[in-house]
Amino acid sequence: MSSPVAARFVGSAVHRKEDRRLLTGHGQYVADASAPRMVHAAFLRSELAKARLNSVNIEAAKSAPGVIAVFLWSDFHEKFGEAWHGMLGEQLVVPPPLAIMDVRYVGDPIALVVAETRALAEDACALIEVDYEPEQATVDYASAAADSNVVHAAWGLPSNVMVEVPFTPMSADLDETFNSVEHVVETTIVQNRYLCVPMETRGVLASWTPGLEELDLIVATQSVHETRNFFARYLGLDEGAVRVTARDVGGGFGQKMFVYREECAVVLATKLLGRPVKWIEDRLENLTSAGHSRNELGKVRMAITADGVIEAITVDHVADVGAYTPCPAVMDPTLLPGPYRIPRLGFSTQMVWTNTMGKAAYRGPWMFETTAREMAIDVAARQIGMDPAELRRKNLLSLAELPFTSPGGKLFQEITPLETLEQALGMLGYDEFRKEQAAAREQGRWLGVGICVYVEPTSMEQATLATEGATIRIESSGKVVAFLSTTSHGQSIETTMAQIIADQIGVGYDDVTVVQADTQSTPYGPGTGGSRTAVIAGGAAHDAAVAVRDKVLAIAAHMMEAAPEDLQIAEGVVAVRGTPDRSLTIKEVATQAYTNAHTLPVDVAGGLEATIRFKPKRFPTWSNAAHVCVVEIDPETFIPRILRYIVSEDCGKMINPQVVEGQIFGGVVQGLGGVLYEDFRYDTDGNPQTTTFLDYLLPTTGETPLIEIGHLESVSTTNPGGFKGMGEGGAIGAHAAVANAVGDALAHLGVNVTSTPLGPEQIFELVQASQKERA
Amino acid sequence: MNDRTRVRLTVNGQPESVEVEPRALLADVLRDNLGLTGTHLACEHGVCGACTVLIDGEAARSCLVFAVQAEGSSVTTVEGLTPPDGLSPVQEAMRDCHGLQCGFCTPGIVVSMTAYLNDHPNPSDDDLREAMSGNLCRCTGYQGILAAARQAADRINAI
Ligand code: FES
Ligand code: FES
């Protein structure tokens, strides 16, 4: 039977539903919200990376103008229950809302001041006297495991090692392979610490209503439902007594996926005061205390034959998780071979605590596997004297040879690694570029090209992540309202889901309203993150729309005395195929469904509503891309500049090409920022050095290149729309592509680029060091 | 703290009079006293541009201006740049070119772009890149914003 509807909106760049309110200043972010009798909170935070708290004197602060309350740990102690997040499990407890006896990073919250205004709360923070007894901080993660200064000594922990996985060969003949090949390449790849930095900082307006005994939260979050579940457990309430909403959220990138101790403190404050308490983080706090990311290193070894076949890859990996980690998501070593035909793998992993801000999820949290492999491939290419594009070509998987199971146990299908590489190289004109580069070198210009090819596990299954839900209702007016389990923070979900729903019901895009991020009206969802929306929420929206459409067809068939399978729906009109004058509008069908339900057949209950949960057929849904970047480095200033940036990607069927490209653009600029401009630094005592936008440099239009995108489409069979996730890829691929381009530009000087960041300062040092070595 | 001052100014064409502390920022007065929450604060130290408003037609960072400094001036926020029906050419171009995702930087972008195009009717692409370099956006990678600036400049010129 042919489908009763035809796609009109999926695949096109319709205007976003979000845009009108956001462009006119009518977005509703948490900072814009207020409540009767609302008061404002500010934190006093530690100025030292590690110290005992001898005393905290809050007397002056308590009597400062406008101050309602000053809270310390002792006020919150025993006022809360379980403190774990559904996605991370019971083992990972959110640290206490305020420091107990000691502080373990600069920014560790010590006191919470609540006052009539934020300014008065901040004034009072300045009056709190803290008597610290400083201790030696552990800052360098590479040596933290052996450091006798233990971050969590106060908990009685013996060392700074949080997790240790000893070397695990995933293939029996690993050693023989390394012993028998022509080339063994060994290099240590280091990725610097850089951060999510959403333009909207964290924030919450928490309102506990005594008598009602209900908690209402407006919060900058990626997950209203998990936030609700968290605070229900935290305060020992039924889930129904906690409402969480987040109409507009100003970016998250992973930072807002979980629940933070600051939010816990604010919730306890409203509970104790019985008044709404609002906390809006400032930028200093956001940069120092809202989760840090990347900051991993790996010693990579590759076994390569004389003709360039990579026979094995291993990594010894170390990741910094800081003092308290909101989400200890680090490299997935089983993904290290990436989209290559590499048959053997081995790895070890160590996650260590330091007296710095803890690790948070950031757009592709596992992505160090890509950085490590792709940077190591360029090191290998230089070492064995093979062109880096050629070395990749030789080893990359192509669509025709799939399915393929990697030594890490990943089953790849429906991906196009080699194909995207060829497309991207073609877009650049790789061979011509190599000639141009040679000529440029003659003139003393430093030009380089960098490549990064990766595969992205989207829509993963871990813990809560496997499913999303949708309730779709056609109202008696014929208009459609969709209640989705998502929490958008810039992903255009209202738009893309409306495109899917309009197509599947057979109505106009403008007839669909999307409601999300309200725990009181929408189905449960784990949160928007992990590149899951198109596949999983899209699957739920699709299936719920089909279920409602089937009800429309059943009722219309009854009304027109036709068979449901003879009907079709287009532009809000149900008609008998081939007999267009026998038709009803959806509004007429809806009127019947709601106001004359008693006239419907016994097995048709009336109303036009369906709720569906969706789970993909397999996990994950793989997508893939190849990035190619050209940089030029000024030999006098050592300033690198990107001349071209090319992405060839395969995210299956695109719901909205403009939204897809927007996600790629944004991700790429975050990734290149992390190499060239962004670098969060601590001094050796653990004092943060980059605490404003004048030191922590985000890319601007001034540095950002034009980004060129090519699309390939291998349709996914994990979900009805054929979609794949693609929200994180840009940020995954850009890091190694840019670092490799810098490496290529410096290769003729004998420089071997293995670490980031790569600003003018680092490039100068690399060039100096290699000149010294050569001399 | 209690030495509050009365500030009179015109906001989006409306005469306003507010009592403020001397240290109150124009951004806070717009948002908290006048309820114009379209003006966003993303750094409060003058770098990100999210808080950009027009003061007597000139783009200014309202997180760096004390409300008392705006005494007697005419302030336009993103709300005031929106025509009664539809969108302004800059807003329309931003929508057409997907110049926004989460929307948090967007009011500042709209105000900055509008101010620049008012004063520079024939910008080159490089001029636009330079002009928009004072507004940070973490979502879009700026591609849509620069395309929108081009479209808006061309449309305004065609009128
Ligand atoms: S908030 Fe004013 S420039 Fe950032
Ligand atoms: S659209 Fe999110 S910061 Fe610009």
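How many residues does the contact take from chain B and from chain A? It takes 43 residues from chain B and 53 from chain A, where contact means heavy atoms within 4.5 Å. This is a predicted model, in which local features need pLDDT of at least 70 and side-chain atom pairs count only at pLDDT 80 or more, while totals for chains, interfaces and linings use all residues. Residues are numbered from 1 along each chain as its sequence is written, chains are lettered from A and ligands numbered from 1 in the order in which they are written, and side-chain values use heavy atoms, with hydrogens and water left out.

**Where the chains meet**

- Chain B and chain A bury about 4000 Å² between them, 57% of it on carbon and sulfur atoms; buried area is the accessible area (1.4 Å probe) that two parts lose on being put together, summed over both.
- B:H98, B:R138 and B:Q143 supply 21% of the area that chain B buries against chain A, more than any other three residues.

**Domains of chain A**

- The domain assignment gives domain 1 (19–26 + 462–614), domain 2 (33–137 + 199–251 + 256–289) and domain 3 (401–459 + 619–775); such bounds come from an automatic or database assignment.
- The C-alpha centres of domain 2 and domain 3 of chain A are 38 Å apart, and their contact takes 9 residues from domain 2 and 12 residues from domain 3.
- Between them, these two domains of chain A bury about 790 Å², with 68% of it on carbon and sulfur atoms.
- On the domain 2 side, A:V106, A:L287 and A:T288 supply 52% of the area buried against domain 3 of chain A, more than any other three residues.

**Aromatic pairs**

- Over all chains, the structure holds 17 aromatic pairs. Rings of Phe, Tyr and Trp (its six-membered ring) pair if their centres lie within 6.5 Å, and planes under 30 degrees apart count as stacked, over 60 as edge-to-face and the rest as tilted.
- One of the pairs is A:Y29 with B:F104, edge-to-face at 4.9 Å centre to centre and 90° between the planes. A:Y29 lies in the loop between α1 (19–23) and β1 (39–45) of chain A and B:F104 in the loop between α3 (89–96) and α4 (106–119) of chain B, so the pair joins two chains.
- A:F231 is buried, with a relative accessible area of 1%, and A:Y234 counts as buried at 1% relative accessibility.
- Ring pairs link A:W73, A:F80, A:F230, A:F231 and A:Y234 into a cluster.

**Charges over rings**

- The charged end of A:R233 sits over the ring of A:W84, 3.7 Å from its centre; the criterion is NZ of Lys or CZ of Arg within 6 Å of the ring centre and within 35 degrees of the ring normal.
- A:R104 lies over the face of A:W155, at 4.6 Å from the ring centre.

**A helix in chain B**

- Helix α1 (residues 26–33) of chain B has B:L26, B:A27, B:V29, B:L30 and B:R31 buried; helices (H or I, at least four residues) and strands (E, at least two) are DSSP runs, numbered from the N terminus.
- Those buried residues of α1(B) pack against β1 (5–11), β2 (14–20), β3 (52–55) and β5 (74–76) of chain B.

Terms used
Buried means under 20% relative accessible area, exposed over 50%, partly exposed in between (1.4 Å probe, protein chains only).
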